[in-house]
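Hi,

Here is the structure I promised to pass on. Have a look at it first, and my notes follow below.

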Amino acid sequence: MDKEKAAIERLQIGAEAAETYYNAPLIVCYSGGKDSDVLLQLALNSGIRFEVLHTHTTADAPETVYHVTETFRRLEEHGIKCAREYPTYKGNPTSMWQLIPQKKLPPTRLMRYCCDVLKEQGGKNRAIATGVRWNESSARSKRGIYEDAAHKPENRIVINNDNDEKRRWFERCEIQAKTVINPIIDWTDAEVWDYIADNKIPCNPLYCEGFKRVGCIGCPLANKHNRQIEFQRYPKYRQMYIHAFDRMLKVRETEGKDNRTWNDGYDVFRWWMGEDKG
Ligand code: SF4
């Protein structure tokens with residue numbers, strides 16, 4: 001069976017599960033990256049009933065925000081319901097810059113609290129489809145944010161945190177009562193790009209400018225070189241992180257926490273970027 005056919009069948013099974021168990025259409029999660037554009041096209045080609053959800057991380061590039069707006073405009077012209085979700089923390093609206101002082105630590109590869117709050121809250125009590133793929137797992141963490149929720153490994157469930165080799169095309173998250181479908185989990189990068197070219201899918205323009213990944217600016221999961229390029233291109237985001245780290249240090253100081261060798265937000269930023277070593 002070819003990959004497109006298999007992905008469409010997965011979407012159809014997901015849509016059926018959504019209607020049967022949630023009495024609502026499947027939600028297609030749309031980030032504005034290439035994988036979610038492919039997922040969207042597959043959903044359109046599959047003939048299923050679906051809605052589209054974009055979770056605004058607050059740290060996305062302006063080009064990504066614009067691409068999402070344009071994609072939504074086209075979908076809405078065809079009568080497809082599209083929604084944006086804005087993050088909240090402890091019941092209040094939040095952002096990357098507010099979350100850092102609230103969490104009192106910078107987000108890191110091992111402490112990805114930002115994904116939990118800024119990206120993963122959508123689609124509770126619903127069936128959702130994501131563009132997660134195994135192909136991108138090698139450079140990323142092998143752990144999902146929900147793993148720690150259960151003490152026994154056999155009870156742990158990994159859901160829509162990031163791409164991971166342990167992911168499956170059909171998953172359940174009991175905590176959020178979500179069913180998660182990953183229709184293109186077994187697609188390679190080349191297959192994604194071929195599908196984009198064959199179907200003439202309009203993509204995030206950042207890919208044309210050499211970006212391999214269009215997640216949050218400064219994401220600690222990206223490599224150092226890419227993060228440096230991002231901050232050269234978006235110096236205002238660099239400043240916002242530094243200001244957030246400044247506020248984080250003040251909170252830590254107020255609470256009597258050790259501020260290590262950090263004197264200010266700039267020190268934290270250099271440590272966070274791995275620029276404080278040699
Ligand atoms: S993609 Fe990266 S920066 Fe964005 S929320 Fe997840 S870990 Fe944080």
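**What I found**

The largest nonpolar core holds 32 residues, and those with the most contacts inside it are Leu11, Leu26, Val28, Leu39, Ala43 and Ala129. Such a core is a set of buried Ala, Val, Leu, Ile, Met, Phe, Trp, Tyr and Cys residues joined through C-beta atoms within 7 Å; a residue is buried if 20 or more other C-beta atoms lie within 10 Å of its own, with C-beta atoms placed from the backbone. Helix α2 (34-46) gives the most to this core, with 5 residues. Helices here are DSSP runs of H or I with at least four residues, strands are E runs of at least two, and both are numbered from the N terminus.

This is a predicted model: local features need pLDDT of at least 70, side-chain atom pairs count only at pLDDT 80 or more, and totals for chains, interfaces and linings use all residues. Residues are numbered from 1 along each chain as its sequence is written.

Leaving aside neighbours within four places in sequence, Leu11 is in contact (C-beta atoms within 7 Å) with Leu42, Ala43, Ser46, Ile48, Ala129, Ile181 and Pro183. Apart from this core lies another, of 24 residues, including Tyr237 and Met248.

The chain has 9 helices and 8 strands, and buried residues make up 38% of its 278 residues.

Helices α4 (residues 96-103) and α8 (residues 235-254) have their axes 8 Å apart.

Enjoy exploring!

Conventions
Buried ≥ 20, exposed ≤ 12 C-beta atoms within 10 Å, placed from the backbone. Contact = placed C-beta atoms within 7 Å. Axes fitted to C-alpha atoms, helices over the stretch in contact; angles between N-to-C directions.
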